[in-house]
Amino acid sequence: MTLKEAKAGMTVKVVSLEHSDLKQRLMSLGLIKGTVIKVLRSAPLGDPMAISLRAYNLSLRLADADKIKVEVV
Amino acid sequence: MAVLAVALTGNPNTGKSTIFNELTGARQKIGNWPGVTVDKKVGYTNYRERAISVVDLPGTYSVDARSPEEKIVLDYLSQEKPDIVVDVVDASNMERNLFLTIQLLEKRIALILDLNMMDEAQKQGYKINVKKLGEMLGMPVVETVGRSKQSTKKLLDVFTATVMSDYKNSELIELHISKVNDILEKTIDKEEAEEKIIALRYELIDQIISSTVVRPTATTSVSEKIDRVLANSFIALPLLLVLVYAVFQITFTWIGQPLADGIDDFIGDVLTPWASDGLAALGVADWLQSLVVDGIIAGVGSVLTFVPLIFTLFFCLSFLDGTGYMARVAFIMDPIMRRAGLSGKGVMPLIMGFGCGVPAIMGAKALDSEKDRMISILVTPFLTCGAKLPIMALFAALFFPDNAADVVFCMYIVGVVMAICMAKLLNVTTFKDEKATFLLELPPYRLPAMKNVLLETWDKGKGYLIKAGTIIFAMSVLIWVLSNYNFAGPTDDMGESILASLGSAVSVLFTFHGFANWENGAAIITGILAKESVVSTIGVLYGVTDISTAKDAEAATENAVKLAGSMGGFTALSALSFMVFSQLYTPCITALGTIKKETGKWKWVAFAAIYTFVAAWIVSLLVYQIGSLLGY
């Protein structure tokens, strides 16, 4: 599944990142293969989503989250 | 001894600015880095008879030269070679923060690691082996708590006692560097190499963290609990509206406006009579008296009355920004902004546009992509800035006395709708090839340091003061000259003045708008110099003083009767059309100057000046013509 499909409250692990404009920025921010992510919530209008990783919170759009493959831990 | 050059670097949201402000206080200079629109902050201090300069480099997550900020940090550290490099790290968020640290060490830039906000980290239950951390990196480590005299002194002690060349990368780091070089040699694909190196850095970080940091067992943080209300549920949006409303109330009703009224009273009741009497007593020529009192004091004074509003608004916005709430605003608003092709981060500069377009245009530099920045800059002028508000308030009070507030509110809406439409249009035409992105840290909520908020407020607000002292001063003199002289010499009849000639030339454009007389044409011209001038020009030209300063309802009505009588050209409908035009047309000279500064191109200045005029002309024409058809 992709990060986009993960529900609020789920803890997932990054499997791979699809190529995109944001890929290297995401990786620099610590979103690499093996990183454990907790899905916090979606914004009130459904998009973007907020996640917690490496002791900080990050928000990203669902379209970008869709390019991150994850598995449930 | 030479000045000790210190450079502060680090991620955003690490308290770096707080440390900078604590170190240097008000002794700061804020300029621009050459060629780019990024703030350059330099401050000075003395410690134990040593002169110290501190550069606050832009906060970045990495130094890959992907953004102007990252390039500045990298160039400054590797070319200017400051005596002391401080890497400010949030102690409770070391994993991500160390990424930048490792990158700097890879470039063999020796640094002092400042574990900041140690108090917060300890409160959360983090235990950090500082000595071990220093050994693993090979660099000195200092613990600080941001806003404290003790921490500031500690840092200054370290700065003055440390010689960076004494420090070399640890073996661990050097081993890491050799692995990085290995990848660079063996991997042909550049992207693949970079991704491998990023993974390698996090491997090293994980190794360092696991042997130096004991993490608390996961609990729900206070920030997370706040976010469950402010960023999560259905009440997030109404709450955001309430907060924006509160900011406007504070600015325009509770604090800003009373202060503005105070200044207005002072200028009207104290300064003007004093200057008139004083100049008369000195036997100064009549024309000079008129220039000083009617021209300069009236013109500059009308701008000064806006200063409290501007400062109050910036104070509120800086405060909200310091709490971390502005990141949530971006989070909540992103889907709405995206419809117009912008990112959620664009909300904040645009909100500022309701105060003054100048800082709003400057604020656009905080956005991620060139496209976001350009569109934000180009649509900001449509919003109702503080200087347009008096125009709206005046005309609404005169021509729509029964529902003035609603009409003013509608003008705000007209501005917002226009901004959204134009953003959309620019998005699919001029900037269709570039993508807007959104990736935003949601920092923990914090109570902002008052010193930071005040310094930021001052920094942003002082531009307005400078404007009052320079351009408005010059314009006041110019308008006075234009309205008191014609090509033959001085004239007492303003209808014969140069301004009248210019005004009637311009007013031809508005033949089908219902307000084509030279007074309005003149007001429109002066409005390009400064929007404040529209009201003052109309006041002067229609021969009504105290136009915007009526103290009570009775005085206001009296003015209204006077004006409606003298403003023979206006009907309610043409007044509405004039309001819409004033709301949308060409931004003031200061805003255009800021656009030049931020975009670097005259092309965009010309574009911004012309397309807003055309848009305003069309929309106000539609208002008048459709209104006429409907029988108003």
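Mentor: Let's begin with the radius of gyration, which is taken over C-alpha atoms and compared with a globule rule of 2.2 Å times the number of residues to the power 0.38. Chain A has 73 residues, so a compact globule would have a radius near 11 Å, and chain A agrees with 11 Å. Its C-alpha trace spans about 30 × 25 × 25 Å along the principal axes.

Trainee: Before we go on, what kind of model is this, and how are things labelled?

Mentor: This is a predicted model: local features need pLDDT of at least 70, side-chain atom pairs count only at pLDDT 80 or more, and totals for chains, interfaces and linings use all residues. Residues are numbered from 1 along each chain as its sequence is written, while chains are lettered from A and ligands numbered from 1 in the order in which they are written.

Trainee: How many helices and strands does chain A have?

Mentor: Helices (H or I, at least four residues) and strands (E, at least two) are DSSP runs, numbered from the N terminus. Chain A comes to two helices and five strands, in the sequence pattern β-α-β-β-β-α-β.

Trainee: What share of the residues in chain A is buried?

Mentor: A residue is buried if 20 or more other C-beta atoms lie within 10 Å of its own, exposed if 12 or fewer, and partly exposed in between, with C-beta atoms placed from the backbone. For chain A the buried share is 49% of the 73 residues.

Trainee: Now the sheet. In what order do its strands lie?

Mentor: The general idea is that strands of a sheet pair through backbone hydrogen bonds, either parallel or antiparallel. Two strands pair if DSSP finds at least two bridges between them. Here an open sheet of six strands runs β5(A)-β1(A)-β2(A)-β3(A)-β4(A)-β10(B), with antiparallel pairing. At the edges are β5 (68–72) of chain A and β10 (439–441) of chain B, each pairing on one side only. From one strand to the next, the twist averages 40°.

Trainee: Take me through β2(A) and β3(A). How many residues are between them in the hairpin?

Mentor: Six residues sit between the strands, and A:Gly46 in the turn has a positive phi of about 95°. Five bridges join β2(A) to antiparallel β3(A), and A:Lys38 has A:Ser52 as its bridge partner in β3(A). In that loop you'll also find A:Pro48.

Trainee: Is the peptide bond from A:Asp47 to A:Pro48 cis or trans?

Mentor: Most residues other than glycine have a negative phi, and most peptide bonds are trans. The bond from A:Asp47 to A:Pro48 is cis, with omega near -5°.

Trainee: How is β4(A) joined to β10(B)?

Mentor: Three bridges join the two strands, which run antiparallel. One pairing is A:Ser59 with B:Leu440 in β10(B).

Trainee: How many residues does each chain give to the contact?

Mentor: Two residues are in contact if their C-beta atoms, placed from the backbone, lie within 7 Å. Chain A gives 25 residues and chain B gives 28. On the side of chain A, the elements giving two or more residues are α1 (23–28) and β4, with the largest share, five residues, from β4(A).

Trainee: Which helix lies across β3 and β4 of chain A?

Mentor: Helix α14 (residues 325–339) of chain B lies across those strands together with β10 of chain B, at about 150° to β10(B). For such angles, axes are lines fitted to C-alpha atoms, for helices over the stretch in contact, and angles run from 0 to 180 degrees between N-to-C directions.
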